[in-house]
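Reader: I am new to this structure and would like to go through it with you. Could you show it to me first, please?

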Amino acid sequence: MRTLDKLLAPHLKLAPVLVKRAPTLTLAFDERRKSRLAATLDNGEAIALLLPRGTVLRDGDVLVADDGGLVRIVAKAEAVLLVRANDTLTLTRAAYHLGNRHTPVEVGADYLKLEYDPVLADMLKRIGATVEQVSLPFHPEAGAYGGGHKHGHDETFAEDYALAQQVFGEHHGHGHSHEHEHQHGHEHGHAHSHDHGHNHSHDQDHEGHVHDESCGHAHHPHHHAHR
């Protein structure tokens with residue numbers, strides 16, 4: 001079984017005749033974002049896909065097999081929702097609400113496209129958009145914080161989402177949950193950390209300050225007595 005383990009960069013132009021002669025691999029979007037996949041070329045040959053994590057293949061991408069052969073990716077037509085609107089504001093609102101749900105969306109000049117979902121279809125209709133279920137290739141936007149778009153069940157979604165939250169907090173200063181925990185850490189930290197029924201003492205260092213590593217702040221030397 002051959003292994004497809006290299007993706008040719010888009011700027012590397014191949015002779016059209018080579019691309020045309022290359023066998024094809026037709027995959028739906030959910031398959032095109034998997035870095036490990038056992039698949040079958042359109043000519044019936046079984047292959048193994050082995051690409052760097054986070055790779056999302058697009059229609060027309062060319063892969064190189066371990067024997068030097070080329071394979072061209074074809075985006076499979078699949079059930080999607082085609083969203084349009086009579087005005088730009090409604091389409092923008094549709095994109096906003098889908099973004100809040102971390103939904104993979106293909107963005108066109110006058111349309112949005114997403115994987116078929118009856119609940120989202122109903123939501124979009126309620127805000128005034130026109131929604132049509134069709135069978136078309138699906139090419140959602142690449143992720144803003146990584147190489148490819150990911151969502152709930154993707155293997156690296158947790159990493160990307162954590163990074164996205166971190167970037168949002170740095171730019172907007174909205175670390176509500178963090179601030180809440182930090183505030184309560186100051187109010188209750190000593191009661192929880194030292195309530196063990198025995199006395200504690202702290203060593204002095206750094207010009208007469210004591211470091212409490214549980215909250216990362218320096219305090220003046222003091223002793224705690226516990227009942």
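Reader: Which residue forms a salt bridge with Asp30?
Author: Asp30 forms a salt bridge with Lys34, and their closest N and O atoms are 4.0 Å apart. A salt bridge here is a side-chain nitrogen of Lys or Arg within 4 Å of a carboxyl oxygen of Asp or Glu. The model is a predicted one, where local features need pLDDT of at least 70 and side-chain atom pairs count only at pLDDT 80 or more, while totals for chains, interfaces and linings use all residues. Residues are numbered from 1 along each chain as its sequence is written, and side-chain values use heavy atoms, with hydrogens and water left out.

Reader: What is the distance between Arg2 and Asp67 in their salt bridge?
Author: The closest N and O atoms of Arg2 and Asp67 are 3.2 Å apart. This pair links distant parts of the chain, with Arg2 in strand β1 and Asp67 in the loop between β5 (62-65) and β6 (70-75), 65 residues apart. Arg2 counts as buried, at 18% relative accessibility, whereas Asp67 is exposed, with a relative accessible area of 52%.

Reader: And how many salt bridges does the structure hold?
Author: The structure holds eight salt bridges. One of them joins Asp5 and Lys6, with the closest N and O atoms 3.8 Å apart. Asp5 counts as partly exposed at 28% relative accessibility, and Lys6 is partly exposed with a relative accessible area of 49%.

Reader: Back to Arg2: what stands opposite Arg2 in β4?
Author: Ile47 in β4 stands opposite Arg2. Strand β1 (residues 2-7) and strand β4 (residues 46-50) run parallel and are joined by three bridges. Strands are DSSP runs of E with at least two residues, helices are runs of H or I with at least four residues, and both are numbered from the N terminus.

Reader: What is the order of the six strands in the open sheet?
Author: The order is β2-β6-β5-β1-β4-β3, and the pairing is mixed. Two strands pair if DSSP finds at least two bridges between them. The edge strands, β2 (24-27) and β3 (36-40), each pair on one side only. From one strand to the next, the twist averages 35°. Angles run from 0 to 180 degrees between N-to-C directions, with axes fitted as lines to C-alpha atoms, for helices over the stretch in contact.

Reader: What about the open sheet of four strands: which way is the pairing?
Author: The pairing is antiparallel, and the strand order is β8-β9-β7-β10. β8 (105-107) and β10 stand at the edges with a single partner strand each, so one side of each is left without a neighbour in the sheet. Neighbouring strands of this sheet are turned by 30° against each other on average, direction ignored.

Reader: How many bridges join β7 to β9?
Author: Four bridges join strand β7 (residues 78-84) to strand β9 (residues 112-115), and the two run antiparallel. Leu81 stands opposite Leu114 in β9. Helix α4 (residues 118-126) packs on the sheet and touches β7, β9 and β10, its direction making about 145° with that of β10. Helix α3 (residues 88-100) lies across β7, β8 and β9, and runs at about 30° to β9. Contact means heavy atoms within 4.5 Å.

Reader: A change of topic: how many aromatic pairs does the structure hold?
Author: The structure holds one aromatic pair. Phe29 and Phe138 form this edge-to-face pair, at 5.2 Å centre to centre and 80° between the planes. Rings of Phe, Tyr and Trp (its six-membered ring) pair if their centres lie within 6.5 Å; planes under 30 degrees apart count as stacked, over 60 as edge-to-face and the rest as tilted.

Reader: Why does the pair tie together parts that are 109 residues apart in sequence?
Author: Phe29 lies in helix α2 (residues 29-32) and Phe138 in the loop between β10 (130-136) and α5 (157-172), so the pair ties together these parts of the chain. Both Phe29 and Phe138 are buried.

Technical notes
Buried < 20%, exposed > 50% of the residue type's maximum accessible area, 1.4 Å probe, protein only.
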